[in-house]
Amino acid sequence: MSEKQQVTLMVNGTQRSLEVEPRQLLVHALRDQLGLTGTHVGCDTSQCGACTVLVSGEAVKSCTMLTVQADDCKVTTVEGLGDMAHLHPVQEGFWEKHGLQCGFCTPGVMMTTVGLLKHNPNPSEEEIREGLEGVICRCTGYQNIVKAVQYASKKLGEQESEVEIASAAPRAKA
Ligand code: FES
Ligand code: FES
């Protein structure tokens, strides 16, 4: 058996140190060692996208990456997106537009969406469908997923404009 290695990950804003086998996949560190079971395993062969997380801000299928490759990286899983009281705009979009049925694919689809909107904040329908090509949903037929992504894109754009307006507003005198 190969010797274990020490890795440090910043997971959802918290530093986590782990001892892992060099061959261990990131998805298994997240699920089995850190208990972050929102990241799903649908295939283990990089087909389904259910295991998608953000590594250094980029959407990555965590069954295609070794844990040791993520050493010193910032990792965001679906648990780090938002909570019931403060849904992330992408989560809100899936809620509002009924972008899920069984929900198995949903964490991966949402994390892929976050990565997509980071690079293309206003994607066309075609670009959304292209951007989600790597994630498989067996239930929804994708139509409501596309609507959820459009909702999130609009909401994130509105939030950005509010921040710009607030930062441009003259400061109140003390
Ligand atoms: S479990 Fe990673 S792509 Fe399917
Ligand atoms: S909602 Fe069931 S697989 Fe996508």
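What follows is a chat about a predicted model of one protein chain.

User: Hey, new to this one. How many helices and strands does the protein chain have?
Analyst: There are 5 helices and 5 strands in the protein chain. Keep in mind that this is a predicted model.

User: Got it. In what order do the elements run from the N terminus?
Analyst: Starting at the N terminus, the order is β-β-α-β-β-β-α-α-α-α.

User: And what box do the C-alpha atoms fill?
Analyst: Roughly 65 × 50 × 25 Å, taken along the principal axes.

User: What share of the 174 residues is buried?
Analyst: Buried residues make up 40% of them. As for contacts between residues at least 6 apart in sequence, 54% join residues at least 24 apart.

User: Which domains does the assignment give?
Analyst: Domain 1 covers 5–80 and domain 2 covers 89–167. Their C-alpha centres are 21 Å apart.

User: How many residues of each are in contact?
Analyst: On the domain 1 side, 19 residues are in contact with 15 residues of domain 2.

User: How much area do they bury between them?
Analyst: About 1,200 Å², and 62% of that is on carbon and sulfur atoms. H40, T52 and V78 supply 35% of the area domain 1 buries against domain 2, more than any other three residues.

User: What about salt bridges, how many does the rule find across that interface?
Analyst: It finds 1 salt bridge across the interface of domain 1 and domain 2.

User: OK, and polar contacts across the interface, how many residue pairs?
Analyst: The rule gives 6 residue pairs in polar contact, with both residues at pLDDT 80 or more. On the side of domain 1 that touches domain 2, the elements giving two or more residues are β3 (52–55) and β4 (58–61). By class, that side has 7 nonpolar, 10 polar and 2 charged residues.

User: I was clicking on E58. Which side chain does it meet in a salt bridge?
Analyst: That's K118, with a distance of 2.9 Å from N to O.

User: Let's look at β3 then. Is V53 buried or exposed?
Analyst: V53 lies in strand β3, and V53 counts as buried because its relative accessibility is 0%.

User: What does V53 touch?
Analyst: Leaving out residues up to four places away in sequence, the list includes L26, L30, T39, E58, A59, V60, S62 and M111. V75, T76 and T77 are on the list too.

User: How far apart are V53 and T39?
Analyst: In sequence they are 14 residues apart, while in space it's 7.4 Å from C-alpha to C-alpha.

User: You mentioned S62. Where is S62 found?
Analyst: S62 sits in the loop between β4 and β5 (74–76).

User: Switching to the helices. How many residues of α2 are buried?
Analyst: Helix α2 (residues 89–96) has 6 of its 8 residues buried, so it is mostly covered. The buried ones are P89, V90, Q91, E92, G93 and F94.

User: What covers them?
Analyst: The cover includes α3 (106–119) and α5 (143–168).

User: And what follows α2?
Analyst: H98 does, and its phi is positive, near 55°.

User: How accessible is S46?
Analyst: S46 has a relative accessible area of 32%, which means it is partly exposed.

Conventions. Residues numbered from 1 in each chain as written. Chains lettered and ligands numbered in written order. Predicted model: local features only at pLDDT ≥ 70, side-chain atom pairs only at ≥ 80, totals over all residues. Heavy atoms only, no water. Domains from an automatic or database assignment. Contact = heavy atoms within 4.5 Å. Buried area = accessible area lost by both parts, 1.4 Å probe. Salt bridge = Lys/Arg side-chain N within 4 Å of Asp/Glu carboxyl O. Polar contact = N/O pair within 3.5 Å; in protein donor to acceptor, adjacent residues only side chain to side chain. Helix = DSSP H or I, 4+ residues; strand = E, 2+ residues; numbered from the N terminus. Nonpolar A, V, L, I, M, F, W, Y, C, P; charged D, E, K, R; others polar. Buried < 20%, exposed > 50% of the residue type's maximum accessible area, 1.4 Å probe, protein only.
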